[in-house]
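I opened my notebook to look a few things up in this structure. Here is what I went through, entry by entry.

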Amino acid sequence: VAAIARQPARLGQPWTAGPPRFPTRPQDIRLESLESLERTAGRPMLSSWTNLTVYHVNPLHLGVLPINMNTADLSGDAFFDLRSAVLPIQCAGGNASGGYECRNGEEVDADLVITRLALSVRDSSFGEYSRCNICGDDGVDIFSGLPCRPKTYICSCGEWWGMRDCTNETTVGREDIGRAFGRWGSCRWSEWIHAPWKCWPWPVVHKTGGLWYSTTEKGHCDAPGADTNACTWRATVEKVVNKSCSSGLIHAAVEAHDREAGGGCFDGCPSRRLHPLRPRNTTDPCWIYCFYATVLGPAALMPGGDVASAGGMSRADIDAAFSAPFRPEAEGGCPALQAPALPPAGRQPGGVWRLREALADRAYRQARRFEAAEAGGGGWSGER
């Protein structure tokens, strides 16, 4: 409904300037009624929101709404996932020697899912990015070293040498990962000589780029008792898929690119040549090397390698591979999981808490049955 521009009267006020003047020019018309209703209802105006499509990987049992969690655009999600392909080698010596990634629940948990969400952020609410992680069983954040409640999320901010707990801050964090990680430089020959695999994930950020976001419970507009004038974000779950299904489609796309446009690297691995009918082994160092060589180009995996000239998969091909799991199942996408869009465990007491636990357990069992069925039918067996 179009209201009249410059009309002095408002709801509950008498007309003091005669009857309304109907505009004759399009520029005199403003959609004021919706704005007025939103102000009356205490909600921020729709025009003050930025709408984003974001992705998030985390354990299903901790919920899929990004409360005290990090999300990413498609490129940022691809960076996180591609970088993690090297973990079977990195963590082979145990968690202590492999770094915190080997203990990161969002990379190694047994029931990982990936969620696509529609994220709405109040304009001008972007601020410092929070690094949100799952608290360790010992009550210490594996990344920042800050105390926290085990098996819940904690967000930390600040420089590496002086981090603070920023879980209760309201701003939505945003980080350009090209700037954040690209400045670290490239792999050195001293690293390559002792452990060539350390050089493989380095160039991924120069291929994907991307943005990461952080959203806290304090800024969640749909949280019980939220201050609608101060909240900064709300999210709607669009689709949840099993991580093993998503990885299966992505790995298949990379292997297909190698067969069609690469040098047949995967087929040259001893495990593939000797056992061609076995499911892919994503922990095989040869397979991991071929994965990075196909995505980035072999030259990019060497010290001083330039991603721009190394070939590999195009950004469009990478985006297509990471979008595929979220297509309709009839079009080759992953089955949608009916995961509960509820806060993490321990946030709500009594019957609500028990309901959350029951829903999470049901969704978890559904995911496990799906994996078992696919393994029995030769689908994504051996992915994780």
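**Entry 1: Asn58**

I started with Asn58, whose side chain reaches the backbone oxygen of Gly63 at 2.8 Å. That is a polar contact, meaning a pair of N or O atoms within 3.5 Å; within protein, one must be able to donate a hydrogen and the other to accept it, and residues adjacent in sequence count only if both atoms are side-chain atoms.

Before going on, I noted that this is a predicted model, where local features need pLDDT of at least 70, side-chain atom pairs count only at pLDDT 80 or more, and totals for chains, interfaces and linings use all residues. Residues are numbered from 1 along each chain as its sequence is written, and side-chain values use heavy atoms, with hydrogens and water left out.

Where does Asn58 lie? I found Asn58 in strand β3, residues 49-59. For the labels, helices (H or I, at least four residues) and strands (E, at least two) are DSSP runs, numbered from the N terminus.

Asn58 is buried, with a relative accessible area of 0%. Buried means under 20% relative accessible area, exposed over 50%, and partly exposed in between, with a 1.4 Å probe and protein chains only. I also listed contacts, which are heavy atoms within 4.5 Å. Leaving aside neighbours within four places in sequence, Asn58 touches several residues, including Met69, Glu106, Asp111 and Tyr153.

**Entry 2: two positive phi values**

Next I looked up Asn68, in the loop between β3 and β4 (69-72). Its phi is near 60°, a positive value in a residue other than glycine. Lys151 also has a positive phi, near 65°, and is not a glycine. I found Lys151 in the loop between β7 and β8 (153-157).

Buried or exposed, I asked of Lys151? Lys151 is exposed, with a relative accessible area of 51%, whereas Asn68 counts as buried at 1%.

**Entry 3: Ser130**

Ser130 sits in the loop between β6 (126-127) and β7 (131-134). With 4% relative accessibility, Ser130 counts as buried. Beyond neighbours within four places in sequence, I noted its contacts with Asn70, Cys155, Ser156, Cys157, Cys166 and Ser214.

I followed β7 into an open sheet of three strands, ordered β7-β8-β9, with antiparallel pairing. The edge strands are β7 and β9 (164-165), as each pairs on one side only. Two strands pair if DSSP finds at least two bridges between them; β7 and β8 are joined by four. I picked out Asn133, whose bridge partner in β8 is Ile154.

**Entry 4: the cores**

How many residues does the largest nonpolar core have? I got 42, and among those with the most contacts inside it are Trp200, Ile288 and Phe322. A nonpolar core is a set of buried Ala, Val, Leu, Ile, Met, Phe, Trp, Tyr and Cys residues joined through side-chain atoms within 4.5 Å.

Elements that each supply at least two residues of this core include β3, α2 (74-83) and α11 (285-296). The most comes from α11, with eight residues. A second, separate core of 11 residues includes Leu65, Ile67, Leu117 and Tyr213.

**Entry 5: the whole chain**

I finished with totals: the protein chain has 13 helices and 12 strands. Of its 384 residues, 47% count as buried.
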